[in-house]
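User: Got a model here I'd like to talk through. Can you start me off with what you mean by buried?
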Amino acid sequence: MESRQLQYFLAIASCESMSKAAEILHISQPALSSALRNLEKEIGQKLFDRVGKKLVINENGRYLAEQARAAFNILDEAKRTIQDNEEKKRKTVRCSTNIPMGNVGAMISGFYKKHPGITISMGYANSPQFANRALDMELVSSVVKIDDENHIPLGKERILVVLPPDHDLAKAENIKLADLKDEPFLFSNPGEFRAIGEAMCQEVGFSPYVAMEMQLYGEIMSLVENDLGCCFAGEFTWLFGMKNTYRFAAKQPSDVERHRYLYVRIPEHRTPTESTWTFINYLQDYADSLKRNDFMVGRPIK
């Protein structure tokens, strides 16, 4: 039994006329009659009684019509639900990140104000919730420039050395990283960013004394503020989110320089949705706004 047969049957039941039903359905009357005969043959019962020139639905037909309408209602509801789910998927951007993005609260709330119909689902790439999910995009960094179609550039940031606000060199116009060779350093867990800081120290002739390791950037900045050591930080991804929370002095050393590039990476075999492109364009504008924000690295930020 095909859904088309049931649609034809319901049209005949509604019109009580083969010719009128055929006209509404835009098919020939012989084709409609043949479809009804095939349906009745499949069921094994007549569905209409002929009264004069009218086809009057009988008890069997009324029961089938009731069930057919219920079935079509279920199919319509399923279709609407599937379409709604697909629309929701298209308007949800699933994003993992290996880097912080400045003041993430301000970043996301600013996006929602401009694009209230799009939902951002974000988490760290190594978290159980995001490690095995199908992602629309990833926020990543690299110490070398990447030039391929899957990496969309957001910008470039300096890696700065961060001192306690009352450090002897906090107000100095220029400092050398080598001047901090006897200072305790605070590092994040082993990874790309820590490797950058250690390489900077080694380039100017010393291996840093690691006083503490912390997983969260906020914990590290709290320790710096309380004069427990120095650290390295990305000028946008770390410091922009911390400048109104902690007191510190961020410096560009004169004897060594490092940058890292920030990208949106599109997973292979993934075509960005319109919502994903909207979020990417917003991130590019947001990154540009961070560059224009004036927090000079030559003086303490209070």
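Analyst: Buried means under 20% relative accessible area, exposed means over 50%, and partly exposed is in between (1.4 Å probe, protein chains only). As for ground rules, this is a predicted model, where local features need pLDDT of at least 70, side-chain atom pairs count only at pLDDT 80 or more, and totals for chains, interfaces and linings use all residues. Residues are numbered from 1 along each chain as its sequence is written, and side-chain values use heavy atoms, with hydrogens and water left out.

User: Ok, R94 and D136: buried or exposed?
Analyst: Both R94 and D136 are buried. They form a salt bridge, with the closest N and O atoms 3.1 Å apart. A salt bridge here is a side-chain nitrogen of Lys or Arg within 4 Å of a carboxyl oxygen of Asp or Glu.

User: Which parts of the chain does that pair tie together?
Analyst: R94 sits in strand β3 (residues 92–97) and D136 in the loop between α6 (128–131) and β5 (137–142), so the pair ties together parts 42 residues apart in sequence. Helices (H or I, at least four residues) and strands (E, at least two) are DSSP runs, numbered from the N terminus.

User: What about R270 and D136?
Analyst: Their side chains meet in a salt bridge, 2.8 Å from N to O. R270 is in the loop between β11 (259–265) and α10 (274–292), 134 residues from D136. R270 is partly exposed at 30% relative accessible area, whereas D136 has 4% and counts as buried.

User: And how many salt bridges does the count come to?
Analyst: Twelve by this rule. Another one of them joins the side chains of D182 and K181 at 3.5 Å, N to O. D182 is exposed, at 67%, and K181 is partly exposed, at 46%. Salt bridges with shared partners also join R94, D136 and R270 into one network.

User: Switching to helices. How do α1 and α3 cross?
Analyst: The axes of α1 (residues 3–15) and α3 (residues 29–43) come within 10 Å and cross at roughly 110 degrees. Axes are lines fitted to C-alpha atoms over the stretch in contact, with angles from 0 to 180 degrees between N-to-C directions. The two helices are therefore roughly perpendicular, a label for 65 to 115 degrees.

User: Which residues make the contact?
Analyst: Q5, Y8, F9 and I12 of α1, and L32, A35, L36, N38, L39 and E42 of α3. Contact means heavy atoms within 4.5 Å.

Key: Angles under 35 degrees count as roughly parallel, over 145 as roughly antiparallel, 65 to 115 as roughly perpendicular and the rest as oblique.
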